[in-house]
Amino acid sequence: MITAIVFVKADVARIPEVAEAIASLDGVSEVYSVTGQIDLIALVRVREHEDVAAVVADRLNKVEGVTETETHIAFRTYSRHDLESAFSIGLD
């Protein structure tokens, strides 16, 4: 499974509508409204790298109100469980 984190800048007057439209796309698992330089973060989870292109370039970028995107591909996932075991010294 490939996970891509997509930073989205959107028309500020349409952020809720843009977020809902992105969330409805196949391959998008979650969309977060955030503070800072970007407006939304979308998590894309697909099987192949070509599918990332299909979701982001072919569909997400074409959502009305999306003005800019920046896509990051995740190399490795660290769950809370993994982090707890990494920092464990073996004491209960």
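**Pocket, sheet and core of the predicted model**

In this predicted model, the largest pocket is lined by M1, T3, I5, L43, R45, A74, F75, R76 and T77. Two elements, β1 (2-10) and β3 (40-46), each contribute two or more residues to this lining. The space in the pocket amounts to about 180 Å³. Sorted by class, the lining residues comprise 5 nonpolar, 2 polar and 2 charged.

Both β1 and β3 belong to an open sheet of 4 strands, arranged in the order β2-β3-β1-β4 with antiparallel pairing. The edges of the sheet are formed by β2 (28-33) and β4 (66-73), each of which pairs on one side only. On average, and with direction ignored, neighbouring strands are turned by 20 degrees against each other. Between the antiparallel strands β2 and β3 there are 5 bridges. E30 has L43 of β3 as its bridge partner; L43 is also one of the residues lining the largest pocket.

The largest nonpolar core contains 21 residues, of which I22 and V44 touch the most other members. At least two residues of the core come from each of β1, α1 (15-23), β3 and α2 (49-56). The largest share is that of β1, with 5 residues.

Key: Residues numbered from 1 in each chain as written. Predicted model: local features only at pLDDT ≥ 70, side-chain atom pairs only at ≥ 80, totals over all residues. Heavy atoms only, no water. 1 Å grid on protein atoms, 1.4 Å probe; cavity = no way out; pocket = protein on both sides within 12 Å on 5 of 7 lines; lining within 4 Å. Points joined across faces, edges and corners; volume = space filled by probe spheres on them. Nonpolar A, V, L, I, M, F, W, Y, C, P; charged D, E, K, R; others polar. Pairing = 2+ DSSP bridges. Axes fitted to C-alpha atoms, helices over the stretch in contact; angles between N-to-C directions. Core = buried A, V, L, I, M, F, W, Y, C linked by side-chain atoms within 4.5 Å. Buried < 20%, exposed > 50% of the residue type's maximum accessible area, 1.4 Å probe, protein only.
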